[in-house]
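Biologist: Could you take me through the aromatic rings in this protein? I'd like a close look at how they pair up and what sits around them.

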Amino acid sequence: MATSDFDTTPEPFGETASYDSHKQDITGDSLDEPQKQVASDIQPDTNERFVEHAVQRNGSWLGAIMNIMCISIGTGTMNLPKVVSRVGWFGIILFMLMAVIGWYVGVLFRRAMYATPGRRVSSFALVTKAAFGKFGFWFATAITYLYCCGTALSWIIVCGTQISRLIGFAGGHLDEKISMTIIAVVMWVPFTALKTLREITVSSMFGVLTAFFTVLVLAVTSLQHRYTDSYHAPEFDGAPKHEFIIGKGIPSAIASISFMYAGSVAFPHVEGNMRKPQQFGWMLFAANTLVCGAYLLSSVTGYVAFGDQTVSPILNNLPNLAIVNAATIVIVVHCVFALPVMLVSASLELELALGVMPGILGKKKELMWRVIMRTVTMGVLLGIAIAIPYFGQVIDLVSAISTTVVFFMVPVFCYVKLLGWNKIPKYELALCGVLAAIGAVACVWGLIDAIKSLETAVELGHG
């Protein structure tokens, strides 16, 4: 059966659908939208590449929440206390604001997916292609891959360094390079074995549970072992300081926080697996609320305990305790389960772009090239992790380069382009302009700060 970039959506009551004719609830979801999607034939020159991206509506809203949360909650909980120390208590406001913005741009992006009457665009890159042609497609594919690979890179770094640290606590020694290599090989197995998000909902659920356990341990332990004269981070001598707002840290903080909510690249795949896609808006709101709660819990307690002395990851602020070590092990396990959710989304985009699909290559060649491409990806990430093993600085750099674009700019630009200026209320156009401007400032300013911070880390030999 011939297929294309889009999935045809049969129109209700024989009417022609449009943005204006669809009823909208406050989540931005169409109340009339049919739940069943079938393939459509509108681009015969490339249609065979998109066979694997036909939607399979057999997932629950709970499974979708787990996928979104597994992408969002994780190692970021160990970096965000440091982010708060750069911006002050104002960071709490930023967390909540960014959660709302993340939900809003997700709703806008989903509207862009259905902007063509009767059809559903099936991936992040294809939405961008529909809006901006081939340039948009390749740009989105590259930025998606950069974002997802950057996230995975930070996971390899934090897992490798913390495993080495744990072994040191036990009286042994394992070089961080070897530790990172081991963890990368372990992560490689599910990454190459699993093809779609539909296959990893169970691992997503496990990943979320382990992340929440870690958040609770970090919060409780931080408050129990806050700064004292007898125990504190080695590089600090005085009592910690707390400030309400540090203006110069706001742009880079926005970039770093957007890193935690920038799940737009996976939204089409998650939505495509939902049995009731009209629940997407509510699902995303619930997921972002839970994510924000977890971030606030770890960040507020970390900043209360250590103030401007907070380091990244915050595990390095904490003493050698059994519960902290258990949390470290759990976060490592979480990363192993979460990495497929993140990298499978990116790999699907790249494999689609390059035509690595059974409909083109056949099942055996598709499997061979999928394993080769994903193995090369993991090998490159491992090499970079060994070369620059600085967790916080890597997250800041990836945030500035990619997530500000994925989070603020691409969803907004695609929405406006595909829906049309004349069909969008003026207040919403103004809001989209504000979001794009914030993203641009955070991108440039955050990139400058991230490069300076990485240079310092390389000079000092530690993050």
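Modeller: Let's start with the rule: rings of Phe, Tyr and Trp (its six-membered ring) pair if their centres lie within 6.5 Å, and planes under 30 degrees apart count as stacked, over 60 as edge-to-face and the rest as tilted. By this rule there are eight aromatic pairs. Keep in mind that this is a predicted model, where local features need pLDDT of at least 70, side-chain atom pairs count only at pLDDT 80 or more, and totals for chains, interfaces and linings use all residues. Residues are numbered from 1 along each chain as its sequence is written, and side-chain values use heavy atoms, with hydrogens and water left out.

One of the pairs is Phe95 with Tyr295, tilted, with 6.5 Å centre to centre and 40° between the planes. Phe95 lies in helix 3 (residues 90-113) and Tyr295 in helix 9 (residues 280-306), so this pair ties together parts 200 residues apart in sequence. Helices here are DSSP runs (H or I, at least four residues), numbered from the N terminus. Phe95 is buried at 0% relative accessibility, and Tyr295 is buried at 0% too; buried means under 20% relative accessible area, exposed over 50%, and partly exposed in between (1.4 Å probe, protein chains only). Ring pairs also link Phe95, Tyr261 and Tyr295 into a cluster.

Now look at Phe135 and Phe139: their ring centres are 6.1 Å apart and their planes at 20°, so this pair is stacked. Both lie in helix 4 (residues 124-169), four residues apart, about one turn of the helix. Phe135 is exposed at 64%, while Phe139 is partly exposed at 34%.

Terms used:
Helices (H or I, at least four residues) and strands (E, at least two) are DSSP runs, numbered from the N terminus.
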